[in-house]
Amino acid sequence: MNHWIIAPVVLPAVLAPLIIMVMRFHLDLQRIFSIAGTVALVIISLVLMSQAAGGTIHVYELGDWPAPFGIVLVLDRLSALMCLLTAVLALVVLLHAVGSGWDERGWHFHALFQFQLMGVMGAFLTGDAFNLFVFFEVLLIASYGLMIHSGGPVRLRAGLQYVIYNLLGSTLFLFALGTLYAVTGTLNMADLAVRVAELPDDQSALLRVGAVLLLLVFCVKAAVLPLHFWLPSAYSNAPAPVAALFAIMTKVGAYSIIRMYTLVFGPDLAVTDGLIGTWLMPAAILTLAVGCIGVLGSRRIGRLAAFAAIGSMGTLLIAISAFTAEAMGAAIYYMVHSTLAAAMLFLVADLVIERRGNDHIACDFRLPQNGLIASLYFTAAIAMAGMPPLSGFLGKLLVLDATRDAAMWVWIWAGILIMSLVMIVGLARAGSTLFWKPFDPSLSAPQENGEDSAAAPALPFVATGSLLAGLVALTVLAGPSMRFADATAAQLFDPQNYISAVLKEGTE
Amino acid sequence: MIELELLFASAVGVLTAAGIYLVLQQRTFPVILGLSFLSYAVNVFLFASGRLVQNEPPILTKYAESYTDPLPQALVLTAIVISFGMTAVVVMIALSAWLSARDDRVDMENEDPPAEEDSDAEAQS
């Protein structure tokens with residue numbers, strides 16, 4: 001059996017306890033092992049990508065138990081893509097955390113970081129709904145620790161809210177899983193797909209309840225209105241590299257919606273008919289609106305980045321709710337873009353906050369390395385707002401194109417275009433306040449003149465720059481990326497391949 | 001005589017209602033109690049998803065004629081262990097938040113204040 005599939009889960013799972021037990025007091029060793037481990041994760045993800053890109057679906061049976069009795073890990077194009085995206089993002093964020101010194105401001109950053117990666121990788125690779133819950137919990141509990149890293153009363157209270165909100169989400173997840181199990185008798189995703197399709201009509205009400213509860217849970221994770229209220233406070237008060245890593249966490253919610261709703265509750269299923277089109281689509285449009293208006297209204301750069309993340313989730317979910325293969329291809333392209341852009345915005349926000357001392361969007365002294373940070377902010381803002389020439393523009397164009405035949409296309413187009421303008425205004429206002437206005441000679445001269453003449457650490461700039469390079473690569477290689485995204489979407493909308501690969505027709 | 005299903009359903013309902021009421025309180029300790037009530041409710045619910053039967057064991061024995069579904073019971077064990085860990089984490093975070101801020105409110109104060117009347121700028125690092 002192909003053991004590469006479990007490697008992204010096992011490697012961080014082994015590395016994290018090793019870091020805690022052996023290198024507890026040696027930060028340099030922790031850094032070395034953590035970075036080496038994350039580089040290894042990138043390599044493993046590239047191997048997985050090469051295996052999955054051809055279109056074959058690889059199944060890994062844990063303990064050699066056949067599905068649906070045992071838990072399976074499934075590698076298809078979407079899982080491989082998300083694993084690669086996570087590994088690359090994790091490496092970049094780790095470099096920023098090490099370079100800016102965030103990892104020494106509290107205890108156990110690297111161990112928690114590796115546990116978080118274990119949870120995210122497991123969530124992307126699993127083929128069992130309860131196993132998805134378990135990996136959700138692993139990634140959540142690690143994120144609680146990362147969220148309150150380096151402490152402080154505001155961060156701790158924001159962390160407490162984040163934890164409580166997510167515990168409620170986990171409880172709801174269990175209710176949903178209990179309902180689904182009670183109706184179908186299985187929790188393996190492929191087996192669920194088979195049993196849901198042949199369910200008698202008198203049980204369909206309970207199944208619809210389970211499907212709705214599951215959608216709600218994933219919407220909590222993906223920060224869809226009205227379940228988005230946890231995100232601004234949590235992401236703006238988290239340590240900045242942690243907030244950048246959290247950019248992939250909302251994508252775990254989006255991935256789960258895609259996985260469950262293409263595989264199990266497919267577009268032709270009568271039981272869940274209308275859930276995505278009638279309910280998720282308007283919610284996604286409103287999420288986009290809330291995100292962009294929030295960008296315009298934020299007084300703090302952390303909250304600005306958080307609302308921008310909400311806005312990009314709105315656009316992503318608009319593409320997902322259109323529920324056609326073309327729209328799903330656009331959604332996958334946009335998902336990659338939105339992760340890189342949101343992470344870059346959070347890292348740039350950290351560069352500003354570190355030098356300014358607070359996170360207010362207000363006129364103050366000129367930052368050291370002002371030009372470099374300003375250009376990084378400029379490109380991050382262009383990417384986030386969806387302006388040419390970066391991949392945000394291409395992504396939004398693809399989403400608009402894919403939804404031109406959708407039922408609510410007037411609202412979708414109006415929403416995306418108007419809210420893009422709102423976001424552009426918000427980002428431009430923040431940028432000019434932070435970077436241009438300090439050139440006014442009437443403002444006070446920079447403080448701490450002796451300290452900032454020492455060389456600022458270069459690694460955070462390298463990290464932010466590599467995210468920019470990723471966005472540029474996504475733009476330049478948009479053709480191959482879109483072909484891959486379309487192939488992924490085609491594979492998603494043909495669930496029979498997945499089901500027969502997992503259940504090995506006839507040998508249940 | 002009370003039906004088993006009625007007893008179970010009302011237990012889940014009452015526990016969930018109590019849990020949600022407590023979770024909406026403004027101080028951390030009732031919230032944590034509310035989360036515990038909700039986890040009791042969801043564990044009972046998960047247990048019931050394997051159908052309510054009497055005198056049927058979940059694991060193989062010599063003396064049983066039929067068996068109940070063991071999988072929900074395994075799911076409940078997993079869920080109990082996970083929520084035990086989570087409760088420990090949330091208690092620790094609530095305790096740290098109280099020790100830091102000398103206040104056990106759940107609500108964030110003024111999240112987005114204007115720059116002039118800032119009260120917690122130094123909490124950023």
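Me: A salt bridge is a side-chain nitrogen of Lys or Arg within 4 Å of a carboxyl oxygen of Asp or Glu. Which residues are linked in a network of salt bridges?

Reply: The network of salt bridges links A:R31, A:D103 and A:E104. Please note that this is a predicted model, in which local features need pLDDT of at least 70 and side-chain atom pairs count only at pLDDT 80 or more, while totals for chains, interfaces and linings use all residues. Residues are numbered from 1 along each chain as its sequence is written, chains are lettered from A and ligands numbered from 1 in the order in which they are written, and side-chain values use heavy atoms, with hydrogens and water left out.

Me: Is A:R31 buried or exposed? And A:E104, buried or exposed?

Reply: A:R31 is buried, with a relative accessible area of 19%, whereas A:E104 is exposed, at 51%. Buried means under 20% relative accessible area, exposed over 50%, and partly exposed in between (1.4 Å probe, protein chains only).

Me: With which residue does A:R259 form a salt bridge?

Reply: The partner of A:R259 is A:D76, with the closest N and O atoms 2.8 Å apart. This pair links distant parts of the chain, 183 residues apart: A:R259 is in helix 10 (residues 240–264) of chain A, and A:D76 is in the loop between strand 2 (72–75) and helix 3 of chain A. A:R259 is buried at 4% relative accessible area, and A:D76 is buried at 2%.

Me: What about A:D401 and A:R404?

Reply: Their side chains meet in a salt bridge of 3.0 Å, N to O. A:D401 is partly exposed at 37% relative accessibility, and A:R404 is partly exposed at 38%.

Me: Changing topic: where is A:T186 found?

Reply: A:T186 is in the loop between helix 6 (153–184) and helix 7 (189–197) of chain A. A:T186 is buried, with a relative accessible area of 4%.

Me: Which residues does A:T186 touch?

Reply: Not counting residues up to four places away in sequence, A:T186 touches A:P68, A:Y181, A:D191, A:L192 and A:R195, where contact means heavy atoms within 4.5 Å. The side chains of A:T186 and A:D191 are also joined by a polar contact of 3.1 Å. A polar contact is a pair of N or O atoms within 3.5 Å; within protein, one must be able to donate a hydrogen and the other to accept it, and residues adjacent in sequence count only if both atoms are side-chain atoms.

Me: How many salt bridges lie across the interface of chain B and chain A?

Reply: The rule finds one, in which the side chains of A:R157 and B:D103 meet at 4.0 Å, N to O. Helix 1 (4–23), helix 2 (28–48) and helix 3 (71–101) of chain B each supply at least two residues of the side that touches chain A. Helix 3 of chain B gives the most to that side, with 16 residues.

Definitions and conventions. Helices (H or I, at least four residues) and strands (E, at least two) are DSSP runs, numbered from the N terminus.
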